[in-house]
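I opened my notebook today to look around inside a protein model. Come along and keep the picture beside you while you read.

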Amino acid sequence: MKTQRLFSAVQPSGNLHIGNYLGAIAQWTALQAEYDAIFCIADLHAITVPQDPVALRAKTIEIAKIYLAAGVDPEQCTLFAQSQVKEHTELMWILNTLARLGDLEKMTQFKDKSAKGEKETAGVGLFDYPVLMAADILLYDTAIVPVGEDQLQHIELARTLARRFNDRFGESFVVPEGRVTRGGARIMGLDDPTKKMSKSATSEYNAIALTDTAEAIRKKIKKAVTDSGSEIVYRDDKPALKNLINIYSLLSMKTPESIEELYRGRGYGDFKTDLAEVVIGFLAPFQERFAAISDEEALAVLEAGAAEARILATGKMRLVRERIGLIG
Ligand code: TYM
């Protein structure tokens, strides 16, 4: 009997990369048997920046296929797109009345935008984005949120809003906890190990997309930035190498120490050649499964998942409305 709820989501924007996989999706597939898991495609988050409607729809279906190909099992969990369950936006409005400007102005992602002088033109949706994420999480009485490190601040806000609501209206929401993995929580850019690997990076050499060809993967790993020196060591003062060893380790199930051992006395050339093969060896079967899933299949899974999620969401919103004193 699964007793604890797990919830997580990915935005259908840009190309999903191995950072998204190692930070989030790998945790999902490992935990879905143990938890009552709900996985969402956060399409309403994606529209906080301009999206082409045709591309957004295609991307949403692509992400569903990526979840399925990665091993998210609809028999074991619930999978749907955020916009299919209207209660996410309804709860967001209610949480908006509890969230403070000060809470949101602290958010690193928004601060990054405003620091670039974009505050005047940044959308209100972008500012309010963490409140929608809090609604996603709180709507389902979520206990555990498996994510990459960059989302922990947003989960902290969800915790704050849950407590604030509970204090004011009585126990209504579970206070969720973020969960990150060792090594995978923050995969760094291949072109710049001081910044996280990102879907929106401008250089194609920043990230390995889950849909990259073997040729592209070899090229990107060959070009990946390395540290000074020639030893293969897993150390904080060698951030580029540490990142590459993390990727190697997580995809091959070898420990960083055994990888150091394997490459003792050998150089970057050997290490990078093997790393490329490890990544390709992982992605090739994934890509085969991905190619075998039709759009119709993916849409049917989302529709069935949305029907399950709506039952939970409508029940929760009935309670929330009652607590607040809404007559609707
Ligand atoms: P998104 O789409 O930016 O990223 C999806 C997941 O991938 C993780 N991630 C990484 N992990 C390790 N290294 C990296 N370089 C890296 N880059 C991204 C993210 O931490 C995330 O877990 N707001 C969320 C989506 C969302 C959500 C939610 C998540 C919407 N509602 C509710 C959890 C719960 C986002 O934009 O993730």
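**Entry 1: the cavity**

I began with a hole, and I found the largest cavity lined by Gly189, Leu190, Pro193, Ala224, Val225, Ala240, Asn243 and Leu244. For the term itself, I noted that, on a 1 Å grid over the protein atoms alone, a cavity is a set of points where a 1.4 Å probe fits but cannot get out, and lining residues have an atom within 4 Å of a point. I looked up the volume of the largest cavity, and it is about 40 Å³. The structure holds one cavity of 30 Å³ or more. Grid points are joined across faces, edges and corners, and a volume is the space filled by probe spheres set on the points.

**Entry 2: ground rules**

I wrote down that this is a predicted model, where local features need pLDDT of at least 70 and side-chain atom pairs count only at pLDDT 80 or more, while totals for chains, interfaces and linings use all residues. Residues are numbered from 1 along each chain as its sequence is written, and side-chain values use heavy atoms, with hydrogens and water left out.

I went to the strands next; helices (H or I, at least four residues) and strands (E, at least two) are DSSP runs, numbered from the N terminus. How many bridges join strand 1 to strand 2? I found six, and these strands, with strand 2 at residues 36–41, run parallel. Two strands count as paired if DSSP finds at least two bridges between them. Along this pairing, Arg5 stands opposite Asp36, and Leu6 stands opposite Ala37.

I then followed the chain from strand 1 through helix 1 (residues 18–31) to strand 2, and this β-α-β crossover is right-handed. That word means that, with the strands pointing away from the viewer, the path from the first strand over the helix to the second runs clockwise.

Strand 2 also pairs with strand 3 in the parallel sense, over five bridges. Here Ile38 stands opposite Thr78, and Phe39 has Leu79 as its bridge partner.

Are these strands buried or exposed? I use "buried" for under 20% relative accessible area, "exposed" for over 50% and "partly exposed" for in between (1.4 Å probe, protein chains only). Five of the six residues of strand 1 are buried, and strand 2 also has five of its six residues buried. In strand 3 (residues 77–81), five of five are buried. I checked both faces of strand 3: Cys77, Leu79 and Ala81 are buried on one side, and Thr78 and Phe80 on the other.

**Entry 3: aromatic rings**

I counted rings next, and the structure holds 12 aromatic pairs. Rings of Phe, Tyr and Trp (its six-membered ring) pair if their centres lie within 6.5 Å; planes under 30 degrees apart count as stacked, over 60 as edge-to-face and the rest as tilted. Why is the pair of Phe7 and Tyr140 stacked? Their centres are 5.6 Å apart and their planes are at 10°, so the pair is stacked. Phe7 lies in strand 1 (residues 5–10) and Tyr140 in the loop between helix 7 (124–138) and strand 4 (144–146), so the pair ties together parts that are 133 residues apart in sequence. Phe7 is buried at 2% relative accessible area, and Tyr140 is buried at 1%. I also noted that Phe7, Phe80 and Tyr140 form one aromatic cluster.

A charge sits over a ring if NZ of Lys or CZ of Arg is within 6 Å of the ring centre and within 35 degrees of the ring normal. Lys223 lies over the face of Tyr205, at 4.6 Å from the ring centre, and the charged end of Lys242 sits over the ring of Tyr234, 5.4 Å from its centre.

**Entry 4: positive phi and a glycine**

Where is Asp141 found? I located it in the loop between helix 7 and strand 4. Asp141 has a phi near 50°, a positive value in a residue other than glycine, and is partly exposed at 31% relative accessibility.

Met253 is not a glycine either, yet has a positive phi of about 65°. I found Met253 in the loop between helix 10 (239–252) and helix 11 (256–262), and it is exposed, with a relative accessible area of 74%.

My last stop was Gly178, in strand 5 (residues 177–179). Gly178 is partly exposed at 34% relative accessibility. The C-alpha atoms of Gly178 and Ala143 are separated by 8.5 Å, and these residues are 35 apart along the chain.

Notes:
1 Å grid on protein atoms, 1.4 Å probe; cavity = no way out; pocket = protein on both sides within 12 Å on 5 of 7 lines; lining within 4 Å.
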